[in-house]
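Student: Please put the model on screen. I would like to go through a few positions with you.

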Amino acid sequence: MAAVLTTLTPNTGPATTFSTVVITGSGFANVGPLTVRFGTTATTFTIDSDTQITAISPTGTGTVDVTVTVELNGTSNALPFTYV
């Protein structure tokens, strides 16, 4: 089963510098390799628990979809992140 995202905290961030974003949901731990993307850009992250990931938002513009892809289970639903 694909990971499920419920919230991004915060759901906005700076366009020109990196910031920390906490992703909450389910299906993050013990499921094999994960990729966290802001739009099409993969980013660095830490799996805190099965229900929380701490990610670093890359630089960007506009509003992008944040997704978590589990190699064997597919891609999660998307949540919007807006660069300000």
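**A strand residue and a loop residue**

Tutor: Phe 45 is partly exposed, with a relative accessible area of 24%. Partly exposed lies between buried, under 20%, and exposed, over 50% (1.4 Å probe, protein chains only). The model is predicted, so local features need pLDDT of at least 70 and side-chain atom pairs pLDDT 80 or more, while totals for chains, interfaces and linings use all residues. Residues are numbered from 1 along each chain as its sequence is written, and side-chain values use heavy atoms, without hydrogens or water.

Student: Which residue in E7 is the bridge partner of Phe 45?

Tutor: Phe 45 is found in strand E6. Strands are DSSP runs of at least two E residues, numbered from the N terminus. E6 and E7 pair in the antiparallel sense over 4 bridges; pairing takes at least two DSSP bridges. The partner of Phe 45 is Ala 55.

Student: Which strands are the edge strands of the sheet?

Tutor: 4 strands form an open antiparallel sheet, in the order E1-E3-E7-E6. An edge strand pairs on one side only. They are strand E1 (4–9) and strand E6 (45–49).

Student: Is Pro 58 buried or exposed?

Tutor: Pro 58 lies in the loop between strand E7 (52–57) and strand E8 (63–70). Its relative accessible area is 9%. Therefore Pro 58 is buried.

Student: What is Pro 58 in contact with, leaving aside neighbours within four places in sequence?

Tutor: Contact means heavy atoms within 4.5 Å. With those neighbours left aside, the residues are Phe 18, Phe 38, Thr 41, Thr 43 and Tyr 83.
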